[in-house]
Amino acid sequence: RGAAMGRNRRGGTAAVVAAAGGLGLSLAALSLGAVPLLASLGDRASNKRKRGSPLSPSRWYASQDRDGRVGDAVADVLARVADGGVEPMLRCEVWPLLLGLREPNDTAVEQEQARRRRRERYRQLRRRCEELHEMLSGRSGAAMGASGDEPPADLGTFTETLPVIRADVPRTPFRTGAFQSHWEADRLAESASEDDLTTSTSSAAAPTGGGGDANGATGRELPRLEPVKSVPAEHQPTWRTAQADRLTNVLQAYALLDPAVGYCQGMNEIAARFLDAIPDESEAFWCFEKFLRGYRCHFVMGGHVGSPGGGSGSGSSGGTPGNANKRGANRRGYPTRPRSANVRDRLHELGDVLRRCDPPLWKHVQLLGAQECMFAFRQVVVLMARELPPTETLYLWEALMARGDHVSSADAVTEEEEDEDDEGDGEGDGEDEGDGTGAGTSEVESFSAGDGRLFVHVVAAAFIQARNVAFGCHEFDQLLHASHHAVANKTLAAAPLLATATRLMAKGYRAPGMAFPTK
C-alpha cells in the first residue's frame with residue numbers, strides 16, 4: 001500500500017479513506033476517481049440550466065387592467081418570475097405581490113390604502129423603539145424607577161438586541177440599487193433648490209439704484225440666511241450611511257415585532273437586500289418580515305417559539321404548531337406540514353436530503369463526523385447570500401417567493417380558516433380529501449415547496465454540485481473550510497441549483513447510480 005501511495009497519490013488517499021471508513025473501493029473510486037460516476041448527480045441538463053428572461057415592465061404592466069388588478073394573470077407572473085426573476089426597477093411593485101402583501105385582485109386604490117395601513121403600523125413600531133431608547137438613556141427610566149413601576153416586557157428584548165444590531169450594521173455590505181438612485185436623486189434636487197434660493201436671495205439683496213437704501217424702497221429688512229457651515233468630506237452623508245440608519249430602524253422594529261426571536265446575526269444581510277431594492281423603508285420592512293416567515297426557524301438555536309406577531313402593533317396572523325395540519329394546502333395549493341422548530345431541525349432536513357439523494361456523499365459526511373450538517377450553517381442562515389453573486393441571490397429569493405417556499409404553514413392555515421365559510425369547505429371535506437389520497441399524498445407533501453423545503457433542497461444541490469470538493473476533505477475542519485470557500489467558488493448561478501433542487505424534490509427520485517425519473 002505504501003508503494004502505491006508513493007506512485008499514485010490519489011489512489012493512496014482513496015485507499016486510506018476506504019480502510020478508515022470501511023466503505024469499500026467503490027466509494028473511494030467515486031469520491032476521488034478520475035471519472036466520477038455522477039458529478040453533480042450526473043444531471044447535465046440541470047447543471048447547464050440557464051436563467052430565463054426576467055419579468056419586464058411591458059409584461060408586468062400588460063398583466064394589469066386599468067384599475068391595477070393583476071387578476072388571473074398572476075399565474076403567468078409567478079411562472080415568469082420563477083423562471084427569470086424580476087427586473088430591478090419593478091421589485092418594489094412585484095415583491096409585495098409575490099409575498100402576499102398585495103392581493104391579485106386589489107385595485108390601485110386598495111393597494112395605496114394597504115400601504116398606508118402598513119406604514120402606520122411601522123410608525124408605531126418605530127415610535128416604540130424611540131420610547132425604549134429614552135428609557136435606556138435614563139430620561140424616562142429614572143422617573144419610572146422613582147415611581148416603582150415595573151419595566152415594560154419589551155425593554156428586555158430591546159436591551160439585548162440593540163448592541164448586537166449596532167455591531168452588525170457597520171459591517172453589513174450594501175449594494176447599489178433603487179435606494180441609491182432614489183437617494184442621489186433627492187440630494188441633487190435639494191442641491192438645486194439651495195442654489196436657486198441663494199441666487200434669488202442675492203438678486204433681491206442687491207441695490208437697484210434710484211436713491212433707495214440697500215433694503216429696497218420700502219425699507220423692510222430682507223431675511224438673513226445662516227452661513228453655510230463647511231462639512232469635511234469624510235463626514236458628509238452618503239447613501240451608505242443613510243442605508244445603515246434604515247437598516248438599524250428595520251432590525252430594531254423586527255426585534256419588537258417578533259420578541260420570541262428578536263434579532264439574530266444574519267438577519268442584517270437579508271434585510272439589507274430588501275432595503276437596497278425598495279426605497280420605501282416601511283415597504284422594505286414588511287417585505288422582509290413576510291419573506292422571513294418561512295425561514296424564521298433559521299434564527300432559533302433550540303426549542304420552539306411561537307409564530308411572529310407578538311410585538312406591539314404587529315397585526316400579523318399567527319398560529320400554533322398543533323393546527324398546522326388541519327388543512328391540506330394553502331391558497332396557492334402548497335401542502336401544509338409541520339414546520340422546523342429551529343435551525344438544528346433545518347440542518348437535520350438537509351441531512352435527510354443528502355442521505356436520500358446522494359448516499360455516497362452522505363456516508364462520507366458521516367465518516368467525517370459531520371452528520372449534524374453544521375458545515376452548512378452559514379448557507380442556511382443567510383439564505384445563500386454569501387455563496388451566490390448578489391444578482392443571483394436576488395433571483396434565487398424571487399424564485400422561492402414565486403413558488404411559495406416562504407409561505408408558513410401556520411399562516412396558510414389561518415388564511416384558510418378565515419375563508420372557510422366563504423368557500424363552503426367543511427372540516428369533513430378536508431378529511432375526506434386527505435383520506436382519499438392515502439400514502440401517495442404524504443409522499444407528494446414531503447417534496448412540495450413551502451416552509452423553506454425548496455430552499456433546503458437548493459442548499460443540498462449546492463453541496464452535491466461540489467461533491468468532489470467534499471470527498472477531498474479528510475476531517476471536519478477541512479469540510480467546514482471547503483463549504484465556506486470552495487463550494488462558494490463552484491456556486492455561480494442560481495438557475496442550475498433550482499433545477500437540481502426541483503429534481504431532488506421530484507416524486508420517485510432515485511439515488512445516484514440510477515437514472516432520474518422520466519415521467
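This is a predicted model: local features need pLDDT of at least 70, side-chain atom pairs count only at pLDDT 80 or more; totals for chains, interfaces and linings use all residues.

Visitor: At what angle do the axes of helix 22 and helix 26 cross, and within what distance do they come?

Guide: The two axes cross at roughly 110 degrees and come within 8 Å. An angle from 65 to 115 degrees counts as roughly perpendicular, and helix 22 and helix 26 are therefore placed in that class. Helix 22 spans residues 453–465, and helix 26 spans residues 494–504.

Visitor: Is the crossing of helix 22 with helix 26 left-handed or right-handed?

Guide: Helix 22 passes helix 26 in a right-handed crossing.

Visitor: Which residues meet there?

Guide: From helix 22 the residues are L454, H457, V458, A460, A461, A462, I464 and Q465. Their counterparts in helix 26 are P496, L497, L498, T500, A501 and L504. Sorted by class, this contact has 11 nonpolar and three polar residues, with no charged residues.

Visitor: Is D451 buried or exposed?

Guide: D451 is buried, since its relative accessible area is 6%, and the cut-off for buried is under 20%.

Visitor: Changing topic: what does helix 12 pack against?

Guide: Its partners include helix 14 and helix 8. The axes of helix 12 (residues 239–257) and helix 14 (residues 281–292) come within 10 Å and cross at roughly 50 degrees. Helix 12 and helix 14 are therefore oblique to each other. Helix 12 passes helix 14 in a right-handed crossing.

Visitor: Which side chains' residues make that contact of helix 12 with helix 14?

Guide: Helix 12 contributes R246, N249, V250, A253, Y254 and L257, while helix 14 contributes E281, F285, W286, F288, E289 and L292. By class, there are eight nonpolar, one polar and three charged residues in this contact.

Visitor: And how do helix 8 and helix 12 cross?

Guide: The axis of helix 8 (residues 108–137) comes within 9 Å of the axis of helix 12, and the two cross at roughly 95 degrees. Helix 8 and helix 12 are therefore roughly perpendicular to each other.

Visitor: Which residues are involved in that one?

Guide: Y122, L125, R126, R128, C129, L132 and H133 in helix 8 meet N249, V250, Q252, A253, L256 and L257 in helix 12. This contact has eight nonpolar, three polar and two charged residues.

Visitor: Stepping back, how many helices and strands does the chain have?

Guide: The chain has 26 helices and zero strands.

Visitor: What percentage of the residues is buried?

Guide: Of the 519 residues in the chain, 45% are buried. The accessible surface comes to about 25800 Å², and carbon and sulfur atoms account for 52% of that surface.

Visitor: What share of the contacts joins residues 24 or more positions apart?

Guide: Among contacts with a separation of 6 or more, the share is 78%.

Definitions and conventions. Residues are numbered from 1 along each chain as its sequence is written. Side-chain values use heavy atoms; hydrogens and water are left out. Axes are lines fitted to C-alpha atoms, for helices over the stretch in contact, and angles run from 0 to 180 degrees between N-to-C directions. Helices (H or I, at least four residues) and strands (E, at least two) are DSSP runs, numbered from the N terminus. Angles under 35 degrees count as roughly parallel, over 145 as roughly antiparallel, 65 to 115 as roughly perpendicular and the rest as oblique. A crossing is left-handed if the near helix is turned anticlockwise from the far one by less than a right angle, and right-handed if clockwise. Contact means heavy atoms within 4.5 Å. Ala, Val, Leu, Ile, Met, Phe, Trp, Tyr, Cys and Pro count as nonpolar, Asp, Glu, Lys and Arg as charged, and the others, Gly among them, as polar. Buried means under 20% relative accessible area, exposed over 50%, partly exposed in between (1.4 Å probe, protein chains only). Accessible areas come from the Shrake-Rupley method with a 1.4 Å probe; for residues, only the protein chains shown count as cover.
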